[in-house]
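Here is a short tour for someone meeting this model for the first time. Keep the sequence and the 3D view open as you read.

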Amino acid sequence: NSLKANKLFVATRYLPLEQIVVLENWVKVRDSTGKISWIEKRNLSSKRYVVVTAEVAMVRSNWDDSAGVVFVAPRQLGLEWLGNTGAGWVKVRHRDGTTGYVKSADVWGD
């Protein structure tokens, strides 16, 4: 964990990461593929995100399969995490501000 180390990849803005170890200026993280890396703490957002892992995920107006579809989220789309319902659904916000509920099985990072 040094600025002199080789960079492995550039993380996109909405990439969710699991924090494994937190040091003063560095955080050891795991991404949705299981890759482990170190990232400077200053580059992490305090907002929490999930990434769509299903081919497509239906984001609905309520946490029910019969609720209307608010938008369709393609694989790898980052969505802001707003909370878990406790019933297998996650409340999310698209970067355009639209909010809805997605099945937790269709995303990673919740």
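## Surface and burial

The chain exposes about 7200 Å², and carbon and sulfur atoms supply 48% of that area. Accessible areas here come from the Shrake-Rupley method with a 1.4 Å probe, and for residues only the protein chains shown count as cover. Of the 110 residues in the chain, 30% are buried. Buried means under 20% relative accessible area, exposed means over 50%, and partly exposed is in between (1.4 Å probe, protein chains only).

A word on the ground rules: this is a predicted model, where local features need pLDDT of at least 70 and side-chain atom pairs count only at pLDDT 80 or more, while totals for chains, interfaces and linings use all residues. Residues are numbered from 1 along each chain as its sequence is written, and side-chain values use heavy atoms, with hydrogens and water left out.

## The strands

What is the chain built from? It has 10 strands and 0 helices, so reading from the N terminus gives β-β-β-β-β-β-β-β-β-β. Both kinds of element are DSSP runs numbered from the N terminus: helices are H or I with at least four residues, strands are E with at least two.

Now for contacts, meaning heavy atoms within 4.5 Å. Take those in the chain between residues at least 6 apart in sequence: 40% of them join residues at least 24 apart.

## The nonpolar core

A nonpolar core is a set of buried Ala, Val, Leu, Ile, Met, Phe, Trp, Tyr and Cys residues joined through side-chain atoms within 4.5 Å. The largest one has 12 residues: Val50, Val52, Ala57, Val59, Phe71, Ala73, Leu77, Leu79, Val90, Val92, Val102 and Val107. Strands β4, β5, β6 and β8 each supply at least two residues of this core.

Val107 is a handy member to click on. Setting aside neighbours within four places in sequence, Val107 is in contact with Val50, Val51, Val52, Thr53, Val90 and Val102.

## Around Val51

Val51 sits in strand β4. Is Val51 buried or exposed? It is buried, with a relative accessible area of 3%. Not counting residues up to four places away in sequence, Val51 touches Pro16, Ser32, Gln76, Leu77, Gly78, Asp106, Val107 and Trp108. Val51 and Pro16 are 35 residues apart in sequence, yet their C-alpha atoms are 6.5 Å apart in space.

Gln76, one of the residues that Val51 touches, lies in the loop between β6 and β7. Gln76 is exposed, with a relative accessible area of 53%. Its phi is positive, about 75 degrees, although Gln76 is not a glycine.

## Salt bridges

How many salt bridges does a search of the whole structure find? It finds 4. The term means a side-chain nitrogen of Lys or Arg within 4 Å of a carboxyl oxygen of Asp or Glu. Start with Arg75 and Glu55, whose closest N and O atoms are 3.2 Å apart. This pair links distant parts of the chain, 20 residues apart: Arg75 is in the loop between β6 (69-74) and β7 (78-84), and Glu55 is in the loop between β4 (49-52) and β5 (56-60). Arg75 is partly exposed at 42% relative accessible area, while Glu55 is exposed at 59%.

Asp65 pairs with Lys103, with the closest N and O atoms 3.1 Å apart. Here the partners are 38 residues apart, Asp65 in the loop between β5 and β6 and Lys103 in strand β9 (residues 99-103). Asp65 is partly exposed at 48%, and Lys103 is partly exposed at 33%. Arg93 and Glu80 also meet in a salt bridge (3.1 Å, N to O). Arg93 is in strand β8 (residues 89-93) and Glu80 in strand β7, 13 residues apart. Arg93 is partly exposed at 30%, whereas Glu80 is buried at 12%.

## A look at His94

His94 lies in the loop between β8 and β9 and is buried, with a relative accessible area of 17%. Leaving aside neighbours within four places in sequence, His94 is in contact with Phe71, Leu77 and Leu79. A polar atom of the His94 side chain lies 3.0 Å from the backbone nitrogen of Asp96.

Definitions and conventions
Polar contact = N/O pair within 3.5 Å; in protein donor to acceptor, adjacent residues only side chain to side chain.
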